[in-house]
Amino acid sequence: MKNFIIVLAVAALSGCACEAGAQVTIREIPEAVKRPKPYDSLENIQPPKKGEEHNVLRYIGQEIFIIPMSSKKAASEAIRLAKLDSLNRRLDRLSSPSPAERDRLKYEISKYKYPYSPFDTYPDVYAYKSTHRAFYGCDSVGKITSVVPYADVQNKYYTIVDVLMCSLNGSAEKSITSKTQKYTSDLAFLLKERDRGRYLLWYFYEPGMIIAQWQRTIALASSYVTKAKNLFEGKTLIPIYNSTGLEISTGEKVAISKDSKWICREISLVSTHVDLMKPYFILEDQAGNTVKIEMPQELGPNSFGGSSNIFITEQKYLEDRRLFQIEEEKRLARDKEIKEDNRKMDMQWAAERQKYINMYGGEFGNAIANMELRVGMSKKMCKLAWGEPSDVRHAQSQDGVGEQWYYESRGYYLFFRGDILTAVQKDRKERIPNYREIPAY
């Protein structure tokens with residue numbers, strides 16, 4: 001629903017009077033729409049984070065490549081399709097089959113047509129079980145016309161035209177680009193094939209399971225692959241950790257030593273033991289070892305890899321080493337300066353200690369240097385050790401009038417008879433016998 005703001009234009013005259021003929025204007029303001037973050041070609045097509053679902057709109061206009069099945073899966077898929085075709089032809093050749101025979105053939109066809117059980121509630125959405133996604137033929141606005149096998153979708157380029165919200169009956173309801181920004185139903189990318197111009201729906205079912213469904217890479221953004229090739233192909237790369245890689249021909253583990261040099265020969269899709277091919281960096285070292293490192297979903301401008309296998313370009317490596325050397329030299333200079341300052345302080349401290357020893361003897365001189373007190377010290381010695389007191393009061397004892405010093409920062413009281421320290425007290429409540437305060441003069 002559109003929002004209306006009524007603006008009252010009131011012209012103030014002298015006093016509180018209103019000018020005659022004031023105009024009332026009406027302005028229509030459309031509902032606020034969150035803008036998605038700009039797409040960065042350093043990342044592949046990524047699932048949206050919770051609360052940031054609108055960011056999926058940034059992929060509109062991006063070209064993607066649907067990854068083909070691995071050779072092992074492609075062979076089994078060809079067998080499945082051949083078996084399906086044979087069963088369909090058998091069903092067509094039957095002139096007057098019995099209901100039981102027709103049902104049996106339909107059941108067999110359903111097993112080969114849909115990898116999921118035909119008794120599932122919505123069997124037609126399971127066009128390809130392993131990918132947890134379904135592809136549909138549709139028109140330019142997303143109206144579904146047919147189910148498309150993965151074999152007919154793979155190894156082709158498509159442009160993401162729109163992001164649609166769909167229901168399980170297979171119809172695209174509305175575009176989230178102009179309506180709601182929350183996923184209240186399932187999602188689908190509206191795709192347009194580069195070569196043939198046909199439209200497809202790349203359909204994500206099971207609301208709330210989008211991130212789990214995206215764990216397998218099914219598509220590569222063309223700009224992402226182009227960026228990776230420009231950044232890393234033909235470049236010397238340096239691993240920053242000790243790790244292992246898989247030898248490309250034998251599949252055996254090869255040690256990858258920290259700070260060793262590897263040349264990125266190519267970035268390519270490689271058949272694996274899983275359903276789909278995977279994108280890999282093909283790296284070769286000076287000893288002729290060739291390994292494959294799986295391509296992550298995000299790249300750095302000078303690095304790539306996972307938690308245990310990170311490579312950086314040689315240029316970045318040398319620059320990091322140069323900066324590290326500069327910081328190391330600064331650290332050594334600081335350590336040298338601190339060491340020299342400590343040496344000077346130690347010399348000054350030793351000279352001060354020796355001065356107090358020469359003036360007051362070994363026991364009192366060392367105590368002053370250590371900022372300690374000893375009974376029998378003079379008032380001057382106490383001030384040299386602890387500084388000026390916070391408060392000075394006179395106190396009466398059996399021996400006459402004495403003096404009480406208080407050091408607030410330390411929480412101590414000092415008591416003197418004449419010029420000599422006779423007692424040191426931490427807690428004032430613990431009174432020294434035969435002492436009582438008298439008013440200051």
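Let me start with the salt bridges, of which a search of the whole structure finds 18, where a salt bridge is a side-chain nitrogen of Lys or Arg within 4 Å of a carboxyl oxygen of Asp or Glu. As a reminder, side chains of opposite charge can pair when their charged atoms come close. The model is a predicted one, in which local features need pLDDT of at least 70 and side-chain atom pairs count only at pLDDT 80 or more, while totals for chains, interfaces and linings use all residues. Residues are numbered from 1 along each chain as its sequence is written, and side-chain values use heavy atoms, with hydrogens and water left out.

One of these bridges joins E314 and K261, at 3.1 Å from N to O. This pair links distant parts of the chain, since E314 belongs to helix α6 (residues 314–369) and K261 to the loop between β13 (253–256) and β14 (262–270), 53 residues apart; helices here are DSSP runs of H or I with at least four residues, strands are E runs of at least two, and both are numbered from the N terminus. E314 counts as partly exposed at 24% relative accessibility, and K261 counts as partly exposed at 40%, where buried means under 20% relative accessible area, exposed means over 50%, and partly exposed lies in between, with a 1.4 Å probe and protein chains only.

K278 and E294 also meet in a salt bridge, here at 3.9 Å from N to O. Because K278 lies in strand β15 (residues 278–285) and E294 in strand β16 (residues 290–294), the pair ties together parts that are 16 residues apart in sequence. K278 is partly exposed at 25% relative accessibility, and E294 is partly exposed at 41%.

Within helix α6, D320 and K316 lie four residues apart, about one turn of the helix, and their side chains form a salt bridge of 3.3 Å, N to O. D320 counts as partly exposed at 29% relative accessibility, as does K316 with a relative accessible area of 31%. There is also a network of salt bridges, which links E328, R331 and D335.

Turning to the aromatic residues, how many aromatic pairs does the structure hold? The number is 13, counting rings of Phe, Tyr and Trp (its six-membered ring) whose centres lie within 6.5 Å, with planes under 30 degrees apart taken as stacked, over 60 as edge-to-face and the rest as tilted. Among them is the tilted pair of F135 and Y150, with 6.0 Å centre to centre and 55° between the planes. That pair links distant parts of the chain, with F135 in strand β4 (residues 134–138) and Y150 in helix α3 (residues 150–153), 15 residues apart. Both F135 and Y150 are buried.

Why is the pair of F232 and F304 edge-to-face? The ring centres of F232 and F304 are 5.1 Å apart and the planes stand at 75°, so the pair falls in that class. F232 lies in helix α5 (residues 222–232) and F304 in strand β17 (residues 303–305), so parts that are 72 residues apart in sequence are tied together. F232 and F304 are both buried. As for clusters, F135 and Y150 belong with F189 and W202 to one aromatic cluster.
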